[in-house]
Amino acid sequence: MARWIDIMIEVQSLRKTFSHGGRQQVALDDVSLCIEEGGIFGIIGRSGAGKSTLIRCLNLLERPDSGSICLGGQELMTLSESALQARRQRIGMVFQHFNLLRSRTVAANVRFPLELAGTLSAQQMDARVAELLALVGLTAHSGKYPAQLSGGQKQRVGIARALANQPDLLLCDEATSALDPETTDSILALLADINRQLRLTIVLITHDMRVIRQLCDQVAVIDHGKVVEAGPVLDVFLQPQHSVTRSLLAETGLGHGVLPASWRERIAGPLLRLTFVGEPTLEPVLDKVGREAGLRVNLLSGTLSEIKGTPFGQLLVAVMASTVEVARLPEIFAREGVRCEVL
Amino acid sequence: MTDFSWSQLLAMDWVEIGEAGLDTLIMLSVSLVFTVLLGLPLGILLYLSAPGQLRARPRLYASLSLLVNVLRSLPFVILLIVLIPFTLLLVGTSIGVAGAIVPLVVGAVPFYARLVENVLREVDRGVIEASQAMGACLSQIIFKVLLPESLPGLIGAATVTAVALVSYTAMSGVIGGGGLGDLAVRYGYQRFQTEVMVVTVALLLMLVQLLQSAGDALVRRFRFD
Ligand SMILES: Nc1ncnc2c1ncn2[C@@H]1O[C@H](COP(=O)(O)OP(=O)(O)OP(=O)(O)O)[C@@H](O)[C@H]1O
Ligand SMILES: [Mg+2]
């Protein structure tokens, strides 16, 4: 198969069962995923869906019962303990609760993975630490202990630490869930920066669609241990297939316009869902088509947003009058670069 | 009660009290050093081998745990006597300061090891996991994570153990171990010389206070903020 993007991670048929008190709990049920190199891959799902279990399988913090995890062409499950440790040194991980060593200063925390790897001299380590602290904007705090930092600053230390050994993969387990919205934005911006500057593959877990929208290229939705939907973020946002995806979108105000059932009969005319992606979002398309096709509409709902810099919008309208057949409208909108579905 | 007066205080055998004090200090410091040297690894082993921990070995843990509990439940006086043959084998004598150190260490090691195990369990699971994710091997986790992260707790545990050792040394008189506690028992309890007992108990109290504040100061020194 000819692909122009390389695959970083290929996960096949992962199964993980936990047993507690004699009861079996299936945390991952036949999960398969393909994660591209250099992109940001988001995994979203409700609490208990198995997100953490899945991301922890990617560096074998959790060993699956069966399945395979192929990282950059290397099968992880068959690695010896020491080979796995060496591989892990080049996989960064960022945690929801930061997990910094409280006995070490900021600088010493960032230095920690360098000490573990043991490949640099003391001076080289100091230089690398200084570089990393500058990258995350913490140079002024290098001598402080974690207890003296805010949550956002702690997470910056966590990110600098994760990047220390120049990883080719960064795993983030709810990296922003313990932070306020403003701090979340700054951490997400930092991650986006790192992804761009270092061409680093990032896999992140979240239960917040806004994080996916702001940061990710690809997304997988996981529910009860199964991947129920996966694909480019734009596709999943605009054409969500699974009910969990739809409800996650709706909760964040990013959902489709969906009419309450009781309203449907009170609204005359066929319904159209219009999806704008990119340039057409910013143009008066509806007005233009309206003149051409004698279209008069009743605007019912609309969203306008941006996914990783691409503007998109979605309108739900009822057709009140049209000089052309409603069935022909999708074709007319398509000429203007707008997707039209007759509902 | 005998009357207590300055003349009695002067008439006391201060040389003997001084020697006893020195004996106590020697017994305490030597046995504390050995207790930490042996108890720390044992505590780490208990911690690591416990079910659900990094190197879970439930059977090993159960046996070690039983051994520790047995040693901790034996009254120290009995330990002193039971251990006489072992002490004789190890240091060539079962009496005096040298003879007392072996049972002191045997009594205190399980105590300290159990404290160490508990202190290590307080280390944040997430931090250990983070180090595993960074590729740390077991020895790096022990020496770069577990021990530094729990240093204040380990010092606190050593302080508690040192204070317990002070009271153990008092019983070493049973085997002619000497020391302040022995003096207090011999003069105060057996010969009704209350003033000697009061002075030695006061000295022991000072020692315990000193140990406690030194331990607290160290804990403060190594706290992370
Ligand atoms: N160590 C464990 N022992 C037993 N059960 C576990 C363990 N870890 C996870 N589980 C179970 O596996 C399921 C998935 O858990 P997981 O932590 O992966 O969920 P999650 O999607 O990360 O949820 P959250 O958003 O709340 O973090 C849950 O039902 C949980 O109870
Ligand atoms: Mg989780």
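Which residues of H7(B) are buried? This tour of a predicted model begins with that helix.

**Helix H7 of chain B**

Select residues 125-133 of chain B, which form helix H7. The buried residues here are Gly126(B), Val127(B), Ile128(B), Glu129(B), Ala130(B), Ser131(B) and Ala133(B). Because seven of the nine residues of H7(B) are buried, the helix is largely enclosed by the rest of the structure.

Next, display the side chain of Asp124(B), which caps the N-terminal end of H7(B). One of its side-chain oxygens lies 2.9 Å from the backbone nitrogen of Gly126(B).

**The largest pocket**

Now highlight H2(A), which gives the most to the lining, with four residues. Colouring the lining by class shows eight nonpolar, two polar and nine charged residues.

**The sheet of chain A**

Finally, turn to the open sheet of chain A, whose four strands run in the order S2-S1-S4-S5 with antiparallel pairing. Strands S2 (23-36) and S5 (74-75) stand at the edges; each has a single partner strand, so one side of each is left without a neighbour in the sheet. Select S1 (residues 7-20) alongside S2(A) to view their eleven antiparallel bridges. Here His20(A) has Arg23(A), in S2(A), as its bridge partner.

Conventions. Residues are numbered from 1 along each chain as its sequence is written. Chains are lettered from A and ligands numbered from 1 in the order in which they are written. This is a predicted model: local features need pLDDT of at least 70, side-chain atom pairs count only at pLDDT 80 or more; totals for chains, interfaces and linings use all residues. Side-chain values use heavy atoms; hydrogens and water are left out. Two strands pair if DSSP finds at least two bridges between them. Helices (H or I, at least four residues) and strands (E, at least two) are DSSP runs, numbered from the N terminus. Ala, Val, Leu, Ile, Met, Phe, Trp, Tyr, Cys and Pro count as nonpolar, Asp, Glu, Lys and Arg as charged, and the others, Gly among them, as polar. Buried means under 20% relative accessible area, exposed over 50%, partly exposed in between (1.4 Å probe, protein chains only). A polar contact is a pair of N or O atoms within 3.5 Å; within protein, one must be able to donate a hydrogen and the other to accept it, and residues adjacent in sequence count only if both atoms are side-chain atoms.
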